[in-house]
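Welcome! Here is a short tour of the structure shown below, written for someone meeting it for the first time.

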Amino acid sequence: MIRTRFWFAAALFAACAFVPVAQSQPQPAKKAAPKLEPVAETKLLMEGMADPNTKALGKLLAAKPKDAEAWSFARGQALLLAETGNLLLMRPPKTKDGQDSWLVHAADLRESAAGLARAAAAKDYVQARTALAGVANACNRCHQAFRVGVRVDPFPDDR
Ligand code: HEC
């Protein structure tokens, strides 16, 4: 009985002696989680994403798309426009007033383009054309607010 107690006490002592040693080992430094950061200029997003996808959608929806492939292409382009809205949300201007208005317009672009993607997924031609006109309105509202002299018209041949 005494022997067992001795070994128990010895084991306890050993455990206490080792725990602090183990804890004093240097911990690997925790890396901060990566954050969203704007990289490209707004102008490049306009020229590389907003403008080409809007123009392509105008052409694609000039007449009713013939097959599922064309509709799925339209859906993809609409989603790229919606993602452009997300990218714009990351790069508001510095002033507080400018920031609030910018965020609203960028979110409008995302919502209207996501609506267009849903219409394309449903192969609803009338709804898709209306939604593309709505996207162009979102583009133009931001351009007006920030005095950008660019007027977006997805269906120029209609006039
Ligand atoms: C949140 C605001 C905002 C939204 C939404 C927006 N734009 Fe712009 N756009 C700008 C600003 C700001 C500029 C000027 C960029 C510069 O010159 O630095 C610009 C410039 C442009 C230009 C001219 C680029 C050049 O070469 O100078 C085009 C084309 C354009 N936008 C198309 C669009 C289209 C199409 C959409 C909608 C799908 C859109 N924009 C939505 C803010 C916006």
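## Helix pairs and the ligand shell

H2 and H3 are roughly antiparallel to each other, a term for angles over 145 degrees. This is a predicted model, in which local features need pLDDT of at least 70 and side-chain atom pairs count only at pLDDT 80 or more, while totals for chains, interfaces and linings use all residues. Residues are numbered from 1 along each chain as its sequence is written. Helices are DSSP runs of H or I with at least four residues, numbered from the N terminus.

Two packed helices are described by the angle between their axes and the distance between the axes. Here, axes are lines fitted to C-alpha atoms over the stretch in contact, and angles run from 0 to 180 degrees between N-to-C directions. A crossing is left-handed if the near helix is turned anticlockwise from the far one by less than a right angle.

| Pair | Angle | Axis distance | Crossing |
|---|---|---|---|
| H2 and H3 | about 150 degrees | 10 Å apart | left-handed |
| H4 and H5 | roughly 170 degrees | within 8 Å | left-handed |

Which residues of H2 meet H3? Among them are Leu-45, Met-49, Ala-50 and Asn-53, and their partners in H3 include Phe-73, Gln-77 and Thr-84. Residues are in contact if their C-beta atoms, placed from the backbone, lie within 7 Å. By class, this contact of H2 with H3 has 14 nonpolar, 4 polar and no charged residues. In this scheme Ala, Val, Leu, Ile, Met, Phe, Trp, Tyr, Cys and Pro are nonpolar, Asp, Glu, Lys and Arg are charged, and the others, Gly among them, are polar.

Thr-84 counts as buried because it has 23 C-beta neighbours inside 10 Å, where 20 or more are needed. Leaving aside residues up to four places away in sequence, Thr-84 touches Leu-45, Met-49, Ala-50 and Leu-109. Thr-84 and Leu-109 are 25 residues apart in sequence, yet their C-alpha atoms are 8.0 Å apart in space.

Now to the ligand. The shell around the ligand holds 22 residues, of which Lys-43, Met-46, Ala-50, Cys-139 and Cys-142 come nearest; a residue is near if its C-beta atom, placed from the backbone, lies within 6 Å. Helices H2 (42–60), H3 (68–89), H4 (96–121) and H5 (125–145) each supply at least two shell residues. H2 gives the largest share, 7 residues. By class, the shell has 15 nonpolar, 4 polar and 3 charged residues.

Conventions. Parallel < 35°, antiparallel > 145°, perpendicular 65-115°, else oblique. Contact = placed C-beta atoms within 7 Å. Buried ≥ 20, exposed ≤ 12 C-beta atoms within 10 Å, placed from the backbone.
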